[in-house]
Amino acid sequence: MQTQPELRTVEQIVEQVLNAATPRIEDAVARGKISGNGYYTQKCHDFFETTYGFKKTLLTTSCTDALEMAAILLNIQPGDEVIMPSYTFVSTANAFVLRGAIIKFVDSRKDHPGMDEQAVASLITPKTKVIVVVHYAGVACDMDDIMLLAKENDLFVVEDAAQAINSYYKEKPLGGIGHLAAFSFHETKNLQCGEGGLLVINDESFIDRSEIIWEKGTNRSAFFRGEVDKYGWVDIGSSFLPSELNAAYLFAQLEQLTNIQEKRTSIWEAYREHLSEWAHRNSISLPKIPDYATNNAHMFYLVCENFEQRSNLIQHLKKNDILSVFHYLSLHNSQFYKNKHDGRELLLSEFYSERLLRLPLFYELETKKVTDILTAYEK
Ligand SMILES: Cc1ncc(COP(=O)(O)O)c(C=O)c1O
């Protein structure tokens, strides 16, 4: 008998998600082909294309790889300028720096660690080619402003949607708005297969070349479809596609998407409910979701009053066996880029680097344990 969703216990849901992967992996092995671009890779592509209406998707071994593919597809040349937030993961920038790009970093918003959309226009020069938006914590950037700016200036938009699966901007799925987008299925993400990613191609003109870059610069995909009678080296590319084992594991997660999202959302809401008063009393801010965005419950973070308070909280939680972590160190100040940065101060990016603290948020988490311990701390 099917149990009503509201009557299922957390344990039942957890077991269901974990048990789902084994038969899919066994099936992948039984099919006799565990290298990439097989049955489960196709199943994942079909899922993303039908669920979110993405024009074309390609599984990759990471979001980093998907971003590197985007930089190749956009034909980034040495000296081209790419605009992106400073408060992001190193791969957002590295993918473009690998092709010789110069990065123009944007500051964060006052109300959110995501990038300040209003600060982008002043950074556009004749050398600018791409705006890379990062949907921090799975919360959308204000994409209408960005897409308009890109159109007026003949620029491409890449969405770094590493954390943004199943999240929306004005009812449009994130990853489906820019010319290209990249998702992560690293084990820290809502949907995961250990290491994995996805390139989304929304601009049709990139579709044919994306398959070639994905398959090490060869037209092997076209050969498999019977469109050419032999395949060979036709462009640059690399080994960007994951094995069928990863694809099968990921597919099992896709089948559990609703369960996973329900559970993460309940954890996120429990955090908000139990921490609001305490946070206010201690001058700590909780995440804000703009009206135009949905919340995919990827991350629950605190913005502390100062660096010292954050360090105290990390220690307080650690003493009670709870791991909490800060997040990005501003890229414009990094050892690698600080001498290449144009010198502008990006104070809000530094503000979040010093004050933001992520609370544990994973499928099996017991929130009450964390909130009881946290609220025992007073400044
Ligand atoms: C914004 C952002 N972009 C890219 C990545 C890289 O993802 P992956 O580990 O799948 O390469 C991350 C990793 O967490 C990220 O936070």
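Val158 has Leu180 as its bridge partner in strand S8, in a model that is predicted. Strand S5 (residues 156-160) and S8 run parallel and are joined by three bridges, where strands are DSSP runs of E with at least two residues, numbered from the N terminus, and pairing requires that DSSP finds at least two bridges between two strands.

**Strand S8**
- On S8, Ala181 has Val200 of S9 as its bridge partner, and S8 pairs with strand S9 (residues 197-201) in the antiparallel sense over five bridges.
- Five of the five residues of S8 (residues 180-184) are buried, that is, under 20% relative accessible area with a 1.4 Å probe and protein chains only.
- In a regular strand, side chains alternate between the two faces of the sheet.
- In S8 both faces are covered, with Leu180, Ala182 and Ser184 buried on one side and Ala181 and Phe183 buried on the other.

**Lys56**
- Lys56 lies in strand S1 (residues 56-60), and this lysine counts as buried because its relative accessibility is 15%.
- The side chains of Lys56 and Glu211 make a polar contact at 2.9 Å, a term for a pair of N or O atoms within 3.5 Å in which, within protein, one must be able to donate a hydrogen and the other to accept it, residues adjacent in sequence counting only if both atoms are side-chain atoms.
- Apart from neighbours within four places in sequence, Lys56 is in contact (heavy atoms within 4.5 Å) with Glu49, Leu199, Val200, Ile201, Ile207 and Glu211.

**Basis of the values**
- Residues are numbered from 1 along each chain as its sequence is written, and side-chain values use heavy atoms, without hydrogens and water.
- In this predicted model, local features need pLDDT of at least 70 and side-chain atom pairs count only at pLDDT 80 or more, while totals for chains, interfaces and linings use all residues.

Methods. Buried means under 20% relative accessible area, exposed over 50%, partly exposed in between (1.4 Å probe, protein chains only). Helices (H or I, at least four residues) and strands (E, at least two) are DSSP runs, numbered from the N terminus.
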